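Reader: Hi! I am new to protein structures. Could you show me one and walk me through a few of its features?

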Amino acid sequence: MTLRLGIVLPTYNERGNLAGMVKRLDAALAGIGWEAIFVDDNSPDGTADEARAIAREDSRVRVIQRIGRRGLSSAAIEGMCATSAPVVAVMDADHQHDPALLPGMLAAIESGDYDLAYASRFAEGASTEQWGRPDRVKASGIANALARRVTGVELSDPMSGYFMLPTATLRADAHRLSGVGFKILLDILATVKAPLRVKEVPLDFAARAEGESKLDRTVVFEFLVGLYDKWLGRFIPTRFALFGTVGAAGALVHFGVLAMVLHLFGARFALSHYPKEAAFIVGQTVAALVAMTFNFALNNELTYSDKRLRGLFPVLRGWAQFALTCSLGIVTQIGVATALVRVGVHAYPAAAAGIVLASVWNFALSSKFVWGKY
Ligand code: GDD
Ligand code: MN
């Protein structure tokens, strides 16, 4: 039978769902030449082994096992590029997406009237009742609204993970997709230049069969960062914006700690000869150390989450390098501000210029020196 449809199923710890999924594909796609590609990120539960066991008995089933990688989107992209079928679909492997919709979607694509077909949880006739997660329904609503705003995509469910398109369309733009997080359909819609004629099918989004969801806080954070990147990333690079935001939060921490120290020890230092100065110097030192550590931790967690330093020694070394970078930044800041004041610039704009320059300095140096491969 001629191969007409490739179905990509990204998996992470879905061992118990595979056999049933292949049976349902077989039933839904009777008379259609298809292949299924499981793209597994080396799941600890042995999903890839299970997929290979199934594949030995059914050569329409294939497995890509990725080592040292994670991510639904990037797995979907690699799977889509791996099929020779002229049309390719992506769907979840946990039985939340009904395979019975595939023939209708395929007919839409093969008719030539549509460039993309997708199953929407929020189209008319769709339902999220069976899902049993009103919290996620609400969150998906918000994510969809944000996505529509920022990308101009006008679908009822651009966050859907169940869609189909001609493989050539995907291949032409695969190198421009971000591959980050869960937003693969949104990515395709926002990346492909030609306006796509989209066929929407209502989906009765089911409850997950076995196992649990992998959509965690990191995925949500990456989604928001991705939206920012699309929205303002051209003007202020995303990583610098994150670094700057963390820095601003660090400044607040600095003032908070300073106020606390002045409040706690101010009275005691008042007995000495230089009352205010002593409390101030202690306060500034403690505040700077706390704020810098806070900034280092937050940058390691968020700004450089993709290059996060782990383990006691790398973290301690990173902290020391960050501290060194920041102290040079302070010298820069004071130097620049002083020079500007000398040539007649007002104190506040001079200080602001110093801060901006020091941030750029800190960012440039730490991205290479602390989190880069130096
Ligand atoms: N290879 C690989 N790597 N697969 C993954 C990864 C990963 O890091 N993370 C998740 N998957 C697979 C899961 O094993 C599952 O087959 C599918 O991707 C969907 O993941 P779920 O963890 O079941 O996601 P969900 O049900 O919470 O999220 C649903 O809604 C999202 C939008 O709100 C899905 O339909 C998503 O596709 C959709 O984007
Ligand atoms: Mn799921």
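**A walk through the model**

Author: Happy to! In this predicted model, strand S1 covers residues 5–11, and Thr11 is found in that strand.

Reader: Is Thr11 buried or exposed?

Author: Let's compare its relative accessible area with the cut-off. Buried means under 20% relative accessible area. Thr11 has 4%, so Thr11 is buried.

Reader: Which residues is Thr11 in contact with, leaving aside its neighbours within four places in sequence?

Author: Here a contact needs heavy atoms within 4.5 Å. Leaving aside neighbours within four places in sequence, the partners of Thr11 are Leu18, Phe38, Val39, Asp40, Asp41, Ser43, Thr47 and Ala93.

Reader: Which residues are the protein donors of the manganese ion (ligand 2)?

Author: Look for protein atoms lying 1.9 to 2.0 Å from the ion. One is an OD atom and the other is OE1. The residues that supply them are Asp94 and Gln96.

Reader: Are Asp94 and Gln96 buried or exposed?

Author: The cut-off for buried is under 20%. Asp94 has 3% relative accessibility, and Gln96 has a relative accessible area of 8%. Therefore Asp94 counts as buried, and Gln96 is buried.

Reader: How do helix H5 and helix H8 pack, roughly parallel or roughly antiparallel?

Author: Helix H5 (residues 134–151) and helix H8 (residues 217–231) have axes 9 Å apart, at an angle of about 15 degrees. Angles under 35 degrees count as roughly parallel. So H5 and H8 are roughly parallel.

Reader: Which residues of H8 make the contact with H5?

Author: From H5 come Ala143, Leu146, Ala147, Val150 and Thr151. By class, the contact of H5 with H8 has eight nonpolar, one polar and one charged residues. On the H8 side, the residues are Phe223, Leu224, Leu227, Lys230 and Trp231.

Key. Residues are numbered from 1 along each chain as its sequence is written. Chains are lettered from A and ligands numbered from 1 in the order in which they are written. This is a predicted model: local features need pLDDT of at least 70, side-chain atom pairs count only at pLDDT 80 or more; totals for chains, interfaces and linings use all residues. Side-chain values use heavy atoms; hydrogens and water are left out. Donors are N, O and S atoms within 2.8 Å of the metal (3.2 Å for Na, K and Ca); water is not among the atoms, so sites may look incomplete. Buried means under 20% relative accessible area, exposed over 50%, partly exposed in between (1.4 Å probe, protein chains only). Helices (H or I, at least four residues) and strands (E, at least two) are DSSP runs, numbered from the N terminus. Axes are lines fitted to C-alpha atoms, for helices over the stretch in contact, and angles run from 0 to 180 degrees between N-to-C directions. Angles under 35 degrees count as roughly parallel, over 145 as roughly antiparallel, 65 to 115 as roughly perpendicular and the rest as oblique. Ala, Val, Leu, Ile, Met, Phe, Trp, Tyr, Cys and Pro count as nonpolar, Asp, Glu, Lys and Arg as charged, and the others, Gly among them, as polar.
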